[in-house]
Amino acid sequence: MSKFGCLVMGPAGAGKTTFCSALITHLRNNRRSCFYVNLDPAAEEFVHEPDLDIKDLISLEDVMEEMGLGPNGGLIYCFEFLLDNLDFISEALDPLTEEYLIIIDMPGQIELYTHIPILPALVKHLTKTGSLDINLCAAYLLEATFVVDRAKFFAGTLSAMSAMIMLEVPHVNILSKMDLVKGQIGKRELKRFLDPDTTLLDDDTGEGEDDGSGATTDTATLMRGASFKRLNKAVAGLIDSFSMVSYLRLDVQDEDSVGGILSYIDDAIQFHEAQEPREPNDEVEMEYGDE
Ligand SMILES: Nc1nc2c(ncn2[C@@H]2O[C@H](COP(=O)(O)OP(=O)(O)OP(=O)(O)O)[C@@H](O)[C@H]2O)c(=O)[nH]1
């Protein structure tokens with residue numbers, strides 16, 4: 001029996017749970033079934049109650065208290081415990097038919113996506129034949145407000161790429177909270193972030209703006225000096241060579257935006273084998289300010 005799922009990832013506060021909730025509302029409005037899995041052992045509040053919640057297996061609060069661990073060490077302990085108890089997931093997901101979209105809400109600790117091999121082990125269990133065999137798409141969220149700080153945006157893009165490389169499942173990148181940049185960035189400029197234009201890293205004037213507070217803004221946070229320029233160039237080359245990096249725009253208040261992203265996720269899942277991904281962002285349809 002085929003199963004379909006979406007693993008929702010991204011840094012802390014990127015809007016993962018809000019996106020899951022918008023997806024569930026959209027699916028229900030369109031009479032589609034979904035099964036919501038919360039894998040964040042610290043998450044407390046949900047618009048839609050999870051159908052499966054890691055907290056019923058282990059809670060971060062208990063781990064921190066009983067093991068004397070901090071929040072990050074505690075989270076890793078929770079995931080190691082989950083990997084030792086994968087039946088908790090299998091037993092819940094096994095009976096689901098292909099009518100369901102399984103939505104998996106992940107925690108935001110960046111370590112999970114970059115340098116600990118816990119996620120690949122989990123994804124392997126979810127996707128490989130012989131276990132659950134779910135056709136899985138990863139959705140990686142990055143906050144649209146990062147576009148005002150290019151160094152931050154490209155660092156976020158590198159972490160999205162890291163997750164992409166580590167998991168080896170169909171992957172969509174999403175710029176979340178588009179409402180927060182509406183009216184602040186022109187269409188042409190926005191397009192340079194949606195299909196990351198690495199010359200943005202060269203646009204640094206080298207001076208930065210000093211607002212008199214001792215802090216500097218925007219381009220001032222980019223690295224400078226000859227060695228930093230070389231590093232920026234190497235990062236740009238790496239992102240350029242990875243031609244699949246592009247972002248979809250998410251505005252959770254806009255039903256069409258949520259529906260559009262769902263259709264990319266559906267496509268990524270269904271046509272993974274066809275190797276003919278759609279080209280996102282050929283047109284920027286929504287208005288996000290004047291040129
Ligand atoms: N303006 C705006 N705020 C949003 C949007 N999505 C989420 N938020 C807010 O951003 C904050 C974090 O949202 P969450 O959905 O909890 O983010 P998360 O990625 O699940 O957070 P963690 O699980 O803690 O990593 C909340 O205060 C949300 O209300 C959005 O599209 N627009």
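Modeller: The crossing of α2 and α3 is right-handed (a crossing counts as left-handed if the near helix is turned anticlockwise from the far one by less than a right angle, and as right-handed if clockwise). Helices here are DSSP runs of H or I with at least four residues, strands are runs of E with at least two, and both are numbered from the N terminus. This is a predicted model, in which local features need pLDDT of at least 70 and side-chain atom pairs count only at pLDDT 80 or more, while totals for chains, interfaces and linings use all residues. Residues are numbered from 1 along each chain as its sequence is written.

The angle between α2 (residues 60-67) and α3 (residues 71-84) is about 110°, and their axes lie 9 Å apart (axes are lines fitted to C-alpha atoms, for helices over the stretch in contact, with angles from 0 to 180 degrees between N-to-C directions). The two helices are therefore roughly perpendicular (65 to 115 degrees; under 35 is roughly parallel, over 145 roughly antiparallel, and the rest oblique). On the α2 side, L60, V63, M64 and M67 make the contact, and P71, G74, L75, Y77 and C78 do so on the α3 side (contact means C-beta atoms, placed from the backbone, within 7 Å). This contact of α2 with α3 holds eight nonpolar residues, one polar and no charged (Ala, Val, Leu, Ile, Met, Phe, Trp, Tyr, Cys and Pro are nonpolar, Asp, Glu, Lys and Arg charged, and the others, Gly among them, polar).

A22, L23 and H26 of α1 meet E255, V258, G259 and L262 of α10. By class, the contact of α1 with α10 has four nonpolar, two polar and one charged residue.

The sheet is open and has seven strands in the order β3-β2-β4-β1-β5-β6-β9, with parallel pairing (strands pair if DSSP finds at least two bridges between them). Its edge strands, β3 (52-53) and β9 (247-249), each pair on one side only. Helix α1 packs on this sheet, touching β1 (3-9), β2, β4 (100-105), β5 (134-143) and β6 (171-176), and its direction makes about 165° with that of β4. Helix α6 (residues 118-127) also packs on the sheet, where it touches β1 and β5; its direction makes about 145° with that of β5.

In total 17 residues surround the ligand, and G15, K16, T17, T18 and G108 are the closest (a residue is near a molecule or strand if its C-beta atom, placed from the backbone, lies within 6 Å of it). The shell divides into six nonpolar, seven polar and four charged residues.

Methods:
Contact = placed C-beta atoms within 7 Å.
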